[in-house]
Amino acid sequence: MSDNIIKEILKELPKDIISFAVFEGANIVLYTKDKDFFINNQQDIKAIVDKIKKRIELRPDPSVCMKEEKAEKLIRELAPEDAELGNIIFDPRRSCVIIESEKPGQLITNRGAFLQDIRVKTSWVPSVRRTPVIRSKIIEDIRAVLYANSDDRREFLNRTGERVYNGWLRKKKEGGWIRLSYLGSGRQVGRSCILLQTDESRILLDCGIDPSGTDDAYPILDAPEFKIEDLDAVIISHAHLDHVGFLPYLFKFGFRGPVYCNEPTRDIMALSLIDFVKIQNTEHEKPLYGMDDIREMIKHTICIDYDEVHDITPDIRITFHNAGHIIGSSVVHIHIGNGLHNLVYSADIKYGKTRLLDPAVNKFTRVETLMMEATYGGKLNMLPSREEAEEEFAKMITHTIMEKKGKVLVPVLGVGRAQEIMLILDMLVREGKLDKVPVYIDGMVWDMTAIHTAYPEYLNAEVRKQIFQKDNNPFLNDMFVKVGSSKERTDIVENQGPCIILATSGMLVGGASVEYFRHLGEDAKNSVIFVSYQGEGSLGRRVQRGEKMLMVSVNGRKPEQIDVKAEIFTIDAFTGHSDRNELMNYVKRCQPTPRKILTNHGEASRCLDLAASIHRSFGIETVAPRNLDAIRLR
Ligand code: ZN
């Protein structure tokens, strides 16, 4: 029997009906010049899909598609009026057309009658995309990169598919082995980077840095088992720098394989990495990598939605599930071999409801090994309730703004906490618990917010509903004011009255938050409120600890001494991480119960403590691997 999957498929179809076939990653795409067959084939194709259990799509051959101008005109004529169409973007080499709409729901009602009409009348394959409520240059730039290189992109996707189906129908080997090597995040917060090896595949789970600025900041890629030329793919759980900060470096050194994540993660990681390079440039450090490497990374990214099963090598199949941590964050279910082993890489999880997201998923068809974070895994890492924390937050702000007539600086990671804080502020004002004051949203935070409004499907039901009704979109509340330049920052600091400022970075290591801190920190009427984890060694941690005399360097300029007089507050409960109780509950309610649990992404004592407690409470075998430890799963 041939091991070429496409040949096997063609055998099942009428002769010469398919003009050519390619892979788009794990999807198999067939093109036909026969319009009738394109419209009426569904049964034939479905039968093959059922037989081989792989994704197959039939498209019209590009030569039979209607001329673009004519097709665009027809699409606009046929669309229901209230759908409010935006751009219509053709991808002629793939016979696909993307229809942007403010109300995509209007285009898919009536069991997709409109889309079917477009297929029949234009011989294009239509898909619908929501027009972002807030326009974002970064989203447009990323899409431009993907289209500008569409030939390279097609070639890459085809190559990826060939790798996935290499050896398809090959007789399954007996046994097989599986091994994990910690190249980072072993008893350490951040620097997430774990190598998964099987006898067939080499996969990297995340590729992050430790952003708090310690010596052990980068993944240990000189570990003997890691060879960049053997790497099949990288899986990205979410877009925080401690999970993606080192990814472009792989491309700098020649990696050209696929990066798997979802759309919001792709957009956010591109934006954060560009910002990261900019910060390194202004601080006169030699950047780790350049914009070209980031562009290369975008070109090699393959996006997968939640709950979609996807083959990535001949023996590995992955599914992303909501992790509740930031938009797009994923618990990655990894199925290895044909039922050989099921590994869940949960990365950063929030097992509790937040304003933005639903709790992390912990129900799977099968799971033998679970890898979980221990950021707040220590016995004492219990957080107060969200309600209490929100009230306390409102009090701190009222105290600063009303009583002291000062300004509030909230250093935030661009994504996650910032949007959570925006939702909380919007709600506090709507409920009359807080007076309306300007909330300045600095550069990157604004772009990240735009990305949130572009992918409402990734948020929880309440926020999604609010975003869909324009008048109710919390992110469009007019108290939020966008800030773009250093000049605007100076104006806010020097001329504006009481206000709230959200700016990156979250740990006061570079970025606009340091600039604001330099200007606001010495005045007792101002306040700084920390809402995210402060890494050991970061300026944020020192301020939080109450150090008063600090050297602060803004944008790479000569460090200046500042005498901190502003009030310093910390609210831990807004974290996107699970506290100790939530982590224990995540395991307790995990279905099915894992046989083995690895704890990582936490300070040593917390990884060890969490591992010991899980073992004691649930009788599950646990390990808290160190960096460079290798664990054999099979
Ligand atoms: Zn994270």
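The model is predicted, so local features need pLDDT of at least 70 and side-chain atom pairs count only at pLDDT 80 or more, while totals for chains, interfaces and linings use all residues. Residues are numbered from 1 along each chain as its sequence is written, and side-chain values use heavy atoms, with hydrogens and water left out.

**Zinc site**

- The zinc ion has His 238 (NE2), His 240 (ND1), His 325 (NE2) and Asp 348 (OD) as its protein donors, at 2.2 to 2.4 Å. Donors here are N, O and S atoms within 2.8 Å of the metal (3.2 Å for Na, K and Ca); water is not among the atoms, so sites may look incomplete.
- Along the chain, these donors follow the spacing H-x1-H-x84-H-x22-D.
- His 240 sits in the loop between β10 (233-235) and α8 (241-244), and Asp 348 in the loop between β16 (341-345) and β17 (369-373), so this pair ties together parts that are 108 residues apart in sequence. Helices (H or I, at least four residues) and strands (E, at least two) are DSSP runs, numbered from the N terminus.
- The angles among the four donor atoms span 87 to 170 degrees, and the site is irregular. For comparison, four donors count as tetrahedral if all angles lie between 85 and 135 degrees; four count as square planar and six as octahedral if opposite donors are over 155 degrees apart and all others between 65 and 115; anything else is irregular.
- Both His 240 and Asp 348 are buried. Buried means under 20% relative accessible area, exposed over 50%, and partly exposed in between (1.4 Å probe, protein chains only).

**The sheet β1-β2-β3**

- Three strands in the order β1-β2-β3 make an open sheet with mixed pairing. Two strands pair if DSSP finds at least two bridges between them.
- β1 (18-24) and β3 (56-60) are the edge strands, each pairing on one side only.
- Neighbouring strands of this sheet are turned by 25 degrees against each other on average, direction ignored. Axes are lines fitted to C-alpha atoms, for helices over the stretch in contact, and angles run from 0 to 180 degrees between N-to-C directions.
- Six bridges link β1 and β2 (residues 27-32) in the antiparallel sense, and Phe 20 stands opposite Tyr 31 in β2.
- Helix α3 (residues 42-52) lies across β2 and β3 and runs at about 155 degrees to β3. Contact means heavy atoms within 4.5 Å.

- Strand β15 (residues 330-336) runs antiparallel to β16, joined by five bridges, and His 333 has Val 344 as its bridge partner.
- These two strands form a hairpin with four residues between them, and Gly 337 in the turn has a positive phi of about 65 degrees.
- β16 and β17 run parallel and share three bridges; here Tyr 345 stands opposite Met 371.

- Tyr 440 stands opposite Val 481 in β20 and opposite Ile 501 in β21.

**Buried helix residues**

- Gln 419, in helix α13 (residues 417-430), is buried with a relative accessible area of 0%.
- Not counting residues up to four places away in sequence, Gln 419 touches Leu 356, Gly 414, Val 445, Met 448, Thr 449, His 452 and Phe 475.

**Backbone details**

- Most residues other than glycine have a negative phi, and most peptide bonds are trans.
- Arg 111 has a positive phi near 50 degrees; this residue of helix α5 (residues 105-122) is exposed, at 86% relative accessible area.
- Arg 191 has a positive phi near 55 degrees and is buried at 5% relative accessibility.
- The peptide bond from Thr 504 to Ser 505 is cis, with omega near 0 degrees.
- The bond from Gln 591 to Pro 592 is also cis, with omega near -10 degrees.
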